[in-house]
Structure formats: C-alpha cells, structure tokens
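Subject: Structure handover and findings

Hello,

Here is the structure we talked about. Please open it alongside this note, which goes through the findings by topic.

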Amino acid sequence: MRFALLLACATLSAQTPTPGRGVNFYSIEKEKALGAQIAAEYRHQARVLDSPSVNAYLDELGQRLAAQPPATGFTYTFELVDDDQTWIHEAVAFPGGPVFVPASLILAAADEDELAGMLAHAIAHIATRQETRQMTRGQMMNQASMPLIMMGGWNGYAIRQGAALAVPFGFLSFQRKNELDADQLAVGILAAAGYNPQSLARYIERVQPADPPVRNAMTPYPDKDQRLAALQATIRQLPPATYSAHPGLDAIHRDVTKLTARPAKTPPRLAR
C-alpha cells in the first residue's frame with residue numbers, strides 16, 4: 001500500500017501545479033505573517049466554535065493531509081466556524097496555513113473521505129501560494145488599485161485595510177484556474193494520505209449546483225462539468241489502488257449538530 005501511495009505521488013508530480021511557481025514578491029515568512037493577520041481579522045467577523053472533540057478531529061485529519069507532498073514550510077491550522085460564506089460550504093484558506101472549516105461542510109460531507117477531499121482542496125490553495133502570486137500580479141499591474149483577494153473557495157474575500165472591494169474582472173479567469181489547480185493538487189494529496197480521490201469528485205457532483213444555461217462571465221468558479229472532467233482526468237493518472245474506509249465522522253456530525261442548533265423561536269404573545 002505504501003509503495004502504491006509513493007507511486008501515486010511520483011505519477012502526479014509531472015502534472016500537478018508546482019507550489020509557488022511564478023513571480024512572487026512575498027517570502028515564506030512574510031506570507032505567514034500576512035495570513036496570520038488576515039486570519040485574526042476573519043475571526044472577528046466569524047463565529048468561531050469551541051469544541052475540543054471537533055477541533056482535535058479536524059486537526060488530526062488536516063495535519064495528516066498537510067503532511068503529504070508538496071512540502072511548503074507553512075504551518076497549517078484548522079478551526080471550526082459556524083459561518084457559511086460559500087454555497088458549497090468550502091473551507092476558507094488564507095496564506096501561510098490558516099484554514100477555517102464551516103460547520104456546514106462537516107454536515108454536508110457524506111463521509112470522512114469527502115471531508116478530507118474538501119480540506120485537501122483548501123490546503124492546495126495555500127500550498128500553491130495562489131493569493132500572494134495573485135497579489136504580486138496586482139502590484140505589477142497597478143499597486144494602487146488592485147485589492148488583496150482571498151479565495152476560500154467559491155466566495156471571494158476582498159480585504160484591504162478592513163474594506164471590501166470588488167474583484168477585478170481580469171482576475172476572474174485567473175481565479176477559475178486557481179480552483180482547477182487546487183483540485184488537481186488535492187487529488188495527489190488525498191491519494192498519498194490513503195483517502196479515495198474520487199471522494200472530492202463525489203462531493204462536487206452532489207453539492208455543486210448544475211451549470212446554468214447561460215454562463216455568468218463574472219463568476220469566479222469553473223463550470224461544474226469542466227471541474228468534474230478535470231478531476232476525473234487527473235484521477236485516471238493515478239496507479240490503481242484500494243482505499244480503506246474511514247469511519248468516525250458520524251460522532252463528529254452529532255457534535256457539530258448540537259453546536260449549531262438554533263433555539264426555537266418563542267411565538268409572540270397575543271395582546272388581550
């Protein structure tokens with residue numbers, strides 16, 4: 001089994017995105033500091049959930065995935081939040097390693113492999129240093145007007161000195177490619193960690209809405225059909241392997257359901 005996982009990594013090495021490839025004005029240490037700062041701002045806006053059992057589970061799962069190639073020098077952290085900023089419950093990933101996992105993602109995942117698939121996708125966003133490379137492009141084009149764009153998935157977080165800015169049209173095609181690249185790298189991470197890479201495709205197939213008849217040019221995410229086709233093409237490059245089941249998500253589901261339960265509204269009393 002170990003040989004098969006190593007072979008999977010070797011097979012994908014020529015096809016997966018090279019982390020950090022391209023012009024980048026940010027050093028690893030500067031990127032870590034930037035991510036820590038933005039993560040602190042995000043915590044003020046999000047509702048962070050404190051659950052020792054869920055946090056320990058997310059950290060164990062996340063570190064198992066983050067330990068797989070490629071090595072980045074980043075320290076990954078995983079925190080549970082109640083906020084769901086994205087329409088397929090995608091985790092929010094910031095430069096340098098912070099990952100915020102919405103409770104809705106855990107509840108939407110059918111099994112641990114699907115959750116692992118979405119976490120691997122978030123890790124891939126960080127490992128490829130997409131945000132700081134995108135920021136570098138902005139600085140090269142027009143430093144005064146290009147926003148800092150944080151993509152935690154489908155939803156864009158445009159943050160600059162606490163103000164949200166519109167995403168420039170020219171960056172949308174770049175961001176759609178980022179999503180496909182993150183999927184491609186996530187496949188290799190999953191296989192190397194012993195998770196079925198088909199789990200990511202299963203989740204996307206089930207949860208992402210069907211493509212509209214007329215494509216919206218302003219959308220920052222790729223077509224569903226395009227994304228699934230690209231995933232399957234990457235998975236076909238892997239050597240045949242048997243993946244074991246990973247139980248344990250049911251108990252975490254129960255814990256998260258309790259954490260996010262909303263109190264029933266008391267009907268107003270009628271005036272007498």
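Start with Glu114, which is buried, with a relative accessible area of 2%. Buried here means under 20% relative accessible area, exposed means over 50%, and partly exposed is in between (1.4 Å probe, protein chains only). Please keep in mind that this is a predicted model: local features need pLDDT of at least 70, side-chain atom pairs count only at pLDDT 80 or more, and totals for chains, interfaces and linings use all residues. Residues are numbered from 1 along each chain as its sequence is written, and side-chain values use heavy atoms, with hydrogens and water left out.

**Salt bridges**

The whole structure holds 10 salt bridges. The criterion is a side-chain nitrogen of Lys or Arg within 4 Å of a carboxyl oxygen of Asp or Glu.

Glu114 takes part in one with Arg206, at 2.8 Å from N to O. Arg206 sits in helix α8 (residues 198-207) and Glu114 in helix α5, so this pair ties together parts that are 92 residues apart in sequence. Helices (H or I, at least four residues) and strands (E, at least two) are DSSP runs, numbered from the N terminus. Arg206 is partly exposed, at 43% relative accessibility. There is also a network: salt bridges link Asp111, Glu114, Arg202 and Arg206.

Glu112 makes a salt bridge with Arg64, at 3.6 Å from N to O. Glu112 belongs to helix α5 (residues 112-127) and Arg64 to helix α3 (residues 52-66), so the pair ties together parts that are 48 residues apart in sequence. Glu112 is buried, with a relative accessible area of 5%. Arg64 is partly exposed, at 29%.

Lys32 and Glu29 form a salt bridge too, with their closest N and O atoms 3.5 Å apart. Both are in helix α2 (residues 28-45), three residues apart, which means about one helical turn separates them. Lys32 is partly exposed at 25% relative accessibility. Glu29 is exposed, with a relative accessible area of 54%.

**Helix α5 against helix α8**

Two packed helices are described by the angle between their axes and the distance between the axes. The axes of α5 and α8 come within 8 Å and cross at roughly 90°. That makes α5 roughly perpendicular to α8; the range for that word is 65 to 115 degrees, while under 35 counts as roughly parallel, over 145 as roughly antiparallel and the rest as oblique. Axes are lines fitted to C-alpha atoms, for helices over the stretch in contact, and angles run from 0 to 180 degrees between N-to-C directions.

From α5, the contact uses Asp113, Glu114, Gly117 and Met118. From α8, it uses Ser199, Leu200, Arg202, Tyr203, Ile204 and Arg206. Contact means heavy atoms within 4.5 Å.

**The sheet**

Three strands form an open sheet in the order β1-β3-β2, with mixed pairing. The edge strands are β1 and β2, and each pairs on one side only. Two strands pair if DSSP finds at least two bridges between them.

Helix α2 packs on the sheet and touches β1, β2 and β3. Its direction makes about 30° with that of β3. Helix α3 lies across β1 and β3, running at about 140° to β1.

Strand β1 (residues 77-81) pairs with β3 in the parallel sense over five bridges. Glu79 stands opposite Phe100, and Val81 has Pro102 as its bridge partner. Strand β2 (residues 92-93) runs antiparallel to β3, joined by two bridges. There, Val92 is partnered with Phe100. Four residues lie between the strands of the β2 and β3 hairpin, where Gly96 takes a positive phi near 90°.

How many residues of strand β3 (residues 98-102) are buried? Five of its five are. Pro98, Phe100 and Pro102 are on one side, with Val99 and Val101 on the other, and both faces are covered.

**Thr77**

Thr77 is in strand β1. Thr77 is partly exposed, at 33% relative accessibility. Leaving aside neighbours within four places in sequence, Thr77 is in contact with Gly97, Pro98 and Val99. The C-alpha atoms of Thr77 and Gln63 are 8.1 Å apart, and the two residues are 14 apart along the chain.

Best regards
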